[in-house]
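User: I would like to learn how to read the domains, contacts and sheets of a model, one feature at a time. Could we begin once the structure is in view?

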Amino acid sequence: MIAIRAIGAYVPGGRESNFAKKQMFALDDEFIAEKLGVHQVSRKSAEEETSDLCVKAFLDLKTRLTRSVSEIDCVVVCTQNPDGHGIPHTSAIVQGKLGLSDDCACFDLSLGCSGYVYGLSVMKSFMQVNDLSTGLFFTADPYSKILDPQDKNTVLLFGDAAAVTLLEPAARPGAWVAPLFRFCTRGKDGGALENRNGALRMNGRAVFNFSATDVPIQIRALLQEAGLGVNDIDLFLLHQGSKFIVDQLRKRLDVPSDRVPINLAGQGNTVSSSLPLLLRDYLDDPQLRRIVLSGFGVGLSWASCLLTRST
Amino acid sequence: MTPLQDVIVKIVLEENASAAVDADADLDRAFSDIGIDSLGAMAVMLKVMERYDIKIPDSEVDKLRTPNLLARFVEGELTRLGRST
């Protein structure tokens, strides 16, 4: 079984404070802290491309490894804001910048906030079927490329970041594996979150209604299929859309807040990177046995999976 | 209070326990004046839609500024659909 070995991340150093914009958007401190949950959003520099964020996440990954990585034979990048105009694919650019061997499969995945869960399933399947031994799954969707600075629905929420998940066949019992997935799409409502003429537009109410209604149904179906209840799960790692939506989902799932962490304050909603940015803090916790991941947004698309320890 | 107003007040309090909906007159105050911000109002409307199995179109949302305006909208929808509260 393909397992998650480690996660590296890169959050660019640029920051925009939401508190500095409260007059411009007629907001108060409590709304920013308690509803958005985003105190500041991270911003890449103008010179940094999507592939550069990936390379920096890989450098962080290397600092977290206690043994070396064997030849990397698969690089996948999940992004909807690729380098340049999307040709060539960003995964090939990353492969080149990392100086990897030609014997390396590279392709991009076009997904937003559900992308991390999808990507884990794609990596697992692709590596198993092709007998690959070391895969890098990057998430990097710098929305600052398409944000309208006057749009309070988006500019206060989205931050730039990248993450890279190192996947390998489970070398020993206790590695994190993903045995069960659920995927859903509602393309007819995709206009609720779209790139319209180069600028991101979001119907916050439509996205909220969809997330609060459909995500708990999917998570319960996943748990039912696994023969588990909510109390059998140590952690629910939910896409960090905003503190408000995570709190709503927690209430609807009837889970205490200590099992639904939130880490939005310092960088904001980083799209497909929000789940790996959360997960990396818990990978090495020996107390944890089962984690649910759930990503939801652009598409509309939502995907959830169960992580367990390999036996 | 009508049963419908009772339900809406209950939902408002579920979303914000400190919301100021103590008196009938509060039901004519804007959500923002009774302690429900824009996201809280969004959550109230979702619960109302779920409770009564109705849709509140985006074009109506800005008009439903108070609990009573929301209650009247729900009443109208239920009547239109031939259902009771």
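User: How far apart do the C-alpha centres of domain 1 of chain A and domain 2 of chain A lie?

Analyst: A word on conventions: residues are numbered from 1 along each chain as its sequence is written, and chains are lettered from A and ligands numbered from 1 in the order in which they are written. This is a predicted model, in which local features need pLDDT of at least 70 and side-chain atom pairs count only at pLDDT 80 or more, while totals for chains, interfaces and linings use all residues. Domain bounds come from an automatic or database domain assignment, which here gives domain 1 (2-169) and domain 2 (176-309) of chain A. Their C-alpha centres lie 17 Å apart.

User: How many residues does the contact take from domain 1 and domain 2 of chain A?

Analyst: Two residues are in contact if their C-beta atoms, placed from the backbone, lie within 7 Å. The contact takes 45 residues from domain 1 of chain A and 44 residues from domain 2 of chain A. On the side of domain 1 that touches domain 2, the largest share, 7 residues, comes from H4(A), where helices (H or I, at least four residues) and strands (E, at least two) are DSSP runs numbered from the N terminus. By class, that side of domain 1 has 25 nonpolar, 14 polar and 6 charged residues; Ala, Val, Leu, Ile, Met, Phe, Trp, Tyr, Cys and Pro count as nonpolar, Asp, Glu, Lys and Arg as charged, and the others, Gly among them, as polar.

User: How many residues does the contact take from chain B and from chain A?

Analyst: Chain B gives 7 residues to this contact and chain A gives 8 residues. The largest share of the chain B side, 4 residues, comes from H2(B), and by class that side has 5 nonpolar, no polar and 2 charged residues.

User: In what order do the strands of the open sheet in chain A run?

Analyst: Two strands pair if DSSP finds at least two bridges between them. In chain A, 9 strands form an open sheet with mixed pairing, in the order S5-S4-S6-S7-S1-S8-S13-S12-S11. Strand S5 (105-109) and strand S11 (235-238) of chain A stand at the edges, each with a single partner strand, so one side of each has no neighbour in the sheet.

User: In which sense do S11(A) and strand S12 of chain A pair?

Analyst: S11(A) and strand S12 (residues 290-297) of chain A pair in the parallel sense over 4 bridges, and Phe236(A) stands opposite Val292(A) in S12(A).
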